[in-house]
Amino acid sequence: MAAGNMVQGALFTVMVVRAANLRDSAFESDLAQQIGRSPRFFQNAPVVLDLRGVENLTEASEFETIRDKLHALTLTIVGVQNAQPAQLEAAAAAGLASFAPSASTQPRGAGPGAPPPAPKARLVTATVRSGTQIYARGSDLIVTAAVSPGAELVADGNIHVYGVLRGRALAGASGDAAARIFCTRFEAELVSIAGSYLVSEQMPAGVRSTSVQIALVDDQLTISPN
Amino acid sequence: MAKVIVVTSGKGGVGKTTTSAAFAAGLALRGQKTVVIDFDVGLRNLDLVMGCERRVVFDFINVINGDANLNQALIKDKRHDNLFIFPTSQTRDKNALKREGVERVMEELKQQFDYIVCDSPAGIEHGAITALYFADSAVIVTNPEVSSVRDSDRIIGILASKSRRAERNEPPVDVHLLLTRYDPARVTKGEMLAVEDVKEILSIPLLGVIPESESVLRASNTGTPVVFDEDSPAGRAYVDAVARFLGETREMRFLKPERRNFFRALFGRA
């Protein structure tokens with residue numbers, strides 16, 4: 001058998017447990033509860049211990065204690081990450097591997113090269129008539145005129161209407177729940193953010209014809225005065 | 001240069017044909033040589049409203065297909081020398097309106113007339129699109145009710161995107177609002193949209209307000225454009241609208257409920 005077939009690279013998804021959390025007394029019971037909800041998923045699952053922000057754990061015995069604790073919860077520690085030299089030594093003595101800090105646990109810094117330019121908002125200055133649909137793909141949509149009943153504004157980003165909004169407005173059309181709708185006079189037939197919608201019948205009476213912004217708060221479409 | 005005016009609305013039954021007839025006659029009365037064309041192929045009505053139904057021999061489709069020449073099909077109005085009617089076919093349908101054929105006829109008409117008034121069919125399909133395609137100006141006929149306003153809004157959008165001027169990136173079609181069947185008494189009672197409401201939603205200049213009037217139905221049934229009836233408020237409102245179209249400033253009339261005459265009310269002849 002050729003040596004090349006004996007060792008191969010492979011990628012795995014491994015859960016990370018933050019060692020800093022272990023000091024919290026509620027952590028263990030919380031974790032146990034979560035595991036209890038989907039025991040099959042966690043059965044003998046490999047985990048990596050993240051040592052960021054942890055100063056102790058410089059003895060192999062300390063790692064063995066944690067290993068036993070997690071083993072009782074059906075988790076198996078396979079290694080550590082973000083370890084300081086003394087911690088790394090102790091972990092190695094306890095038979096744990098060293099993992100390079102993963103991308104998801106690293107703070108995001110500016111990558112090389114210039115940042116990509118922000119997508120320019122689409123600007124509409126004429127009345128949007130009934131039957132017209134305007135879609136701002138991948139950007140905000142700004143309308144500086146009225147939007148008639150039966151017209152439809154769709155944007156992947158935010159929607160701003162500096163006129164009467166009488167038609168429909170659908171922001172965050174590709175699922176951006178942080179998108180908002182801003183409008184100086186609100187008489188819309190329907191508003192939607194990331195798929196949650198309200199038809200005019202469901203809107204509170206007090207907001208009609210006022211200046212409002214609409215956002216998704218705790219999965220609830222919320223209309224508040226500007 | 002001759003000007004093409006389309007009379008359109010999206011919605012049916014709002015008064016397009018009545019307006020086309022009155023507007024064309026009004027322009028003729030102002031000394032403009034005018035022809036009014038019926039684009040409602042298959043539902044020929046304009047000839048009835050103009051009172052020339054018994055004189056139709058050839059029609060619009062015959063001329064488009066080259067079966068007749070223009071002057072064989074044009075009917076001269078008996079009341080006014082400047083007024084001509086171009087009837088359509090009752091036996092064909094809107095698909096017979098071939099754009100190239102219509103264009104050729106339009107160019108030929110432009111040589112002879114000052115104004116070409118196109119009476120559009122209802123809807124937003126081929127017939128209505130063809131009627132508005134060559135327009136320089138549009139008269140949007142709207143009734144003071146929400147469905148008519150919405151359809152008018154739709155047709156204004158279509159004028160801005162599908163007309164020849166829009167396709168060629170020329171200055172846009174000059175759009176005017178004409179509010180018809182307006183009943184000030186019902187507006188006061190809140191049963192009808194007020195002029196201001198309609199103006200605000202459509203946001204186009206107001207050419208005139210035609211009051212609801214018995215004289216309109218009488219005019220249609222007798223085949224006389226209502227502008228020829230000088231006693232009719234609707235007729236006078238159309239005369240005003242035409243004057244405004246030609247650039248005059250005239251005060252809006254018929255916006256308030258008519259005060260009932262005390263003596264007439266007393267003798268029960270109101």
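This is a predicted model: local features need pLDDT of at least 70, side-chain atom pairs count only at pLDDT 80 or more; totals for chains, interfaces and linings use all residues.
Leaving aside residues up to four places away in sequence, Ser120(B) touches Val6(B), Val7(B), Thr8(B), Lys16(B), Phe39(B), Ala128(B) and Ala131(B). The residue sits in the loop that runs between β5 (115-119) and α6 (126-133) of chain B. Is Ser120(B) buried or exposed? Its relative accessible area is 2%, and because the limit for a buried residue is under 20%, Ser120(B) counts as buried.

I turn now to two loop residues of chain A. Thr74(A), however, has a phi near 70°, which is a positive value in a residue other than glycine. This threonine is found in the loop between α3 (60-72) and β3 (75-81) of chain A. With a relative accessible area of 25%, Thr74(A) is partly exposed. Asp219(A) belongs to the loop between β14 (212-217) and β15 (220-225) of chain A. At 68% relative accessible area, Asp219(A) is exposed.

Next, the contact between the two chains. Chain A contributes 10 residues to it, and chain B contributes 10 residues. Together the chains bury about 840 Å², with 39% of that on carbon and sulfur atoms. Which residues of chain A lose the most area to chain B? They are Arg129(A), Ser130(A) and Arg166(A), and together they account for 61% of what that side buries.

How many salt bridges are counted between chain A and chain B? The count is 4 salt bridges. There are also 7 residue pairs in polar contact between chain A and chain B, with both residues at pLDDT 80 or more. On the side of chain A that touches chain B, the residues divide into 2 nonpolar, 4 polar and 4 charged.

One salt bridge between the chains deserves a description. Arg150(B) pairs with Glu189(A), and the closest N and O atoms are 3.3 Å apart. The pair crosses from helix α7 (residues 146-162) of chain B, which holds Arg150(B), to the loop between β11 and β12 of chain A, which holds Glu189(A). Arg150(B) is partly exposed, its relative accessible area being 40%.

Over all chains, the structure holds 25 salt bridges. Within chain A, the side chains of Glu187(A) and Arg166(A) meet in one of them, at 3.4 Å from N to O. This pair links distant parts of the chain, 21 residues apart: Glu187(A) is in the loop between β11 (181-186) and β12 (190-193), and Arg166(A) is in the loop between β9 (159-165) and β10 (168-171). Both Glu187(A) and Arg166(A) are buried.

Within chain B, Asp240(B) and Arg250(B) form a salt bridge through their side chains, at 3.0 Å from N to O. Asp240(B) lies in helix α12 (residues 233-245) and Arg250(B) in the loop between α12 and α13 (262-266), so the pair ties together parts that are 10 residues apart in sequence. Asp240(B) is buried, with a relative accessible area of 4%, whereas Arg250(B) is partly exposed, at 31%.

Finally, which residues are joined into one network by salt bridges that share partners? They are Arg166(A), Arg185(A), Glu187(A), Arg208(A) and Glu200(B).

Technical notes. Residues are numbered from 1 along each chain as its sequence is written. Chains are lettered from A and ligands numbered from 1 in the order in which they are written. Side-chain values use heavy atoms; hydrogens and water are left out. Contact means heavy atoms within 4.5 Å. Buried area is the accessible area (1.4 Å probe) that two parts lose on being put together, summed over both. A polar contact is a pair of N or O atoms within 3.5 Å; within protein, one must be able to donate a hydrogen and the other to accept it, and residues adjacent in sequence count only if both atoms are side-chain atoms. Ala, Val, Leu, Ile, Met, Phe, Trp, Tyr, Cys and Pro count as nonpolar, Asp, Glu, Lys and Arg as charged, and the others, Gly among them, as polar. Helices (H or I, at least four residues) and strands (E, at least two) are DSSP runs, numbered from the N terminus. Buried means under 20% relative accessible area, exposed over 50%, partly exposed in between (1.4 Å probe, protein chains only).
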